Amino acid sequence: MRITQGCFSFLPDLTDDQISTQVEYCLRKGWAIGVEYSYDPHPRNIYWQMWGNPMFDLKDAKGVMIELDDCRKLHPEAYIRLNAFDATRAVESVTMSFIVNRPKVEPEIRLTRMEADGRSIRYTQTVVR
Amino acid sequence: MMDTDAPAPKTVDLRAEYESSGVREVLEELDRELIGLKPVKDRIRETAALLLVDRARATLGLAHETPTLHMSFTGNPGTGKTTVALKMAGLLHRLGYVRKGHLVSVTRDDLVGQYIGHTAPKTKDVLKRAMGGVLFIDEAYYLYRPDNERDYGQEAIEILLQVMENNRDDLVVILAGYADRMESFFQSNPGFRSRIAHHIEFPDYSDAELLAIVKHMMADQNYTMSPEAERAFAEYIKLRRKQPHFANARSIRNAFDRARLRQANRIFLEAKGALDAAALSTIEQADIRASRVFRGGLDSDRARTIDGEEAAS
């Protein structure tokens, strides 16, 4: 099942050129880029692993692409995303985030319905490989 | 970028290319703002010509390969290496050989870490910042310390060499330093020598050039010298050159800064009434003559010379 998180996730996977262009856009806006990866694409899992620190003071997308390539080499079967951090509000807040790498076979997310007290219904999602 | 469908043009107009790429402006700026440095300017002009012709060849569909543009700048302190590097970044950007055209200026401290495992991320971080621009490594020979085989500098050198080879399209590395020490650095690191195509030497400035430089600096900051002061400065340059720690244009800039200090003090003590702009911006002979250089340099240096331990050369 295709995981859809962040920008562009309903589009076909971005090519490296397209990723590079998106990164250029972020850098032009003065945002810092961080590479993160995870083997657990559960929508509630907000703690992805950081691939090094976010990169500040970059002028060119190549710097990000080098890190992305390194990360892909070591984690070809992981989800990898790029986060863009905007510091205009004095905190580094994520303004853009998109997936740039997916495993060959993506896990499924199964929805379980549960009846709780009264007649209210609760849902829970589980990642099934 | 050319459309693949469009037929390749049959001719190119180098002159028009020269005008439209903005190379001319950079070269003219170089001529206008940098005094002297004839061999350097010649080399830069040659490089620009090569790159222009290369680009023209590409538009005609002739075989072309991105030339190796890594350079080494050698010369004594204060001969304008950093300034020229900045101009070089602009030039390469206009010619389209670097995408962004910014200059990242670093020294050993920015590349080499303090403990094991610290160097690689540090060097890579600098390289990432320099992508799309020019990486200027000042006093590059400090990277290599032959007396300490566990020095982390070697690690930085290896990463640098690898990136210089693999990312030739992404950044241009300029190594700078004093001529003799750069020579021994290249000797002990043959990898660097073979990866650097352009070795540019910066000559020392002549006395007349230094005087022209200081006038240029003064004009930039709205100062003028009286004719006597100019004569005094010419003498100052002659004497300063013979004293230790002479750093060409940098020494002259410092001399100018100190003359400003003395001028301000003089005006402050002498002024009685209203002052006009000319009074505030004229440097007099006394402001320059008061320098210790006319009395034989710093007391500590003079003492050494008198003792005969070290002759000022």
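A residue is called buried if 20 or more other C-beta atoms lie within 10 Å of its own, exposed if 12 or fewer, and partly exposed in between, with C-beta atoms placed from the backbone. Helices (H or I, at least four residues) and strands (E, at least two) are DSSP runs, numbered from the N terminus. This is a predicted model, in which local features need pLDDT of at least 70 and side-chain atom pairs count only at pLDDT 80 or more, while totals for chains, interfaces and linings use all residues. Residues are numbered from 1 along each chain as its sequence is written, and chains are lettered from A and ligands numbered from 1 in the order in which they are written.

**Strand E1 of chain B**

Two strands pair if DSSP finds at least two bridges between them.

| Partner strand | Sense | Bridges | Example of facing residues |
|---|---|---|---|
| E4(B), residues 172–177 | parallel | 4 | B:Phe73 and B:Ala176 |
| E5(B), residues 198–202 | parallel | 5 | B:Gly75 and B:Phe202 |

**Nonpolar cores**

A nonpolar core is a set of buried Ala, Val, Leu, Ile, Met, Phe, Trp, Tyr and Cys residues joined through C-beta atoms within 7 Å. The largest has 51 residues, and those touching the most other members are B:Ala85, B:Met88, B:Leu92, B:Val134, B:Leu135, B:Val173 and B:Ile174. Helix H4 of chain B (residues 81–94) gives the most to this core, with 6 residues. Apart from it lies another core, of 22 residues, including A:Val23, A:Leu27, A:Met55 and A:Val100.

Residues are in contact if their C-beta atoms, placed from the backbone, lie within 7 Å. Leaving aside neighbours within four places in sequence, the contacts of B:Val134 include B:Ala85, B:Met88, B:Leu92 and B:Ile174.

H6(B), residues 119–130, has 12 residues and reaches 17 Å from its first C-alpha to its last, close to the expected 16 Å; the expected span is 1.5 Å times one less than the number of residues. Its buried residues are B:Thr119, B:Thr123, B:Leu127, B:Lys128, B:Arg129 and B:Ala130. Their cover includes helix H2 (62–74) of chain A and, in chain B, helix H7 (153–166). B:Gly132, which follows H6(B), has a positive phi, near 80°.

Between the chains, 9 residues of chain B are in contact with 8 residues of chain A. The chain B side divides into 1 nonpolar, 3 polar and 5 charged residues. Here Ala, Val, Leu, Ile, Met, Phe, Trp, Tyr, Cys and Pro count as nonpolar, Asp, Glu, Lys and Arg as charged, and the others, Gly among them, as polar.

Key: Two residues are in contact if their C-beta atoms, placed from the backbone, lie within 7 Å.
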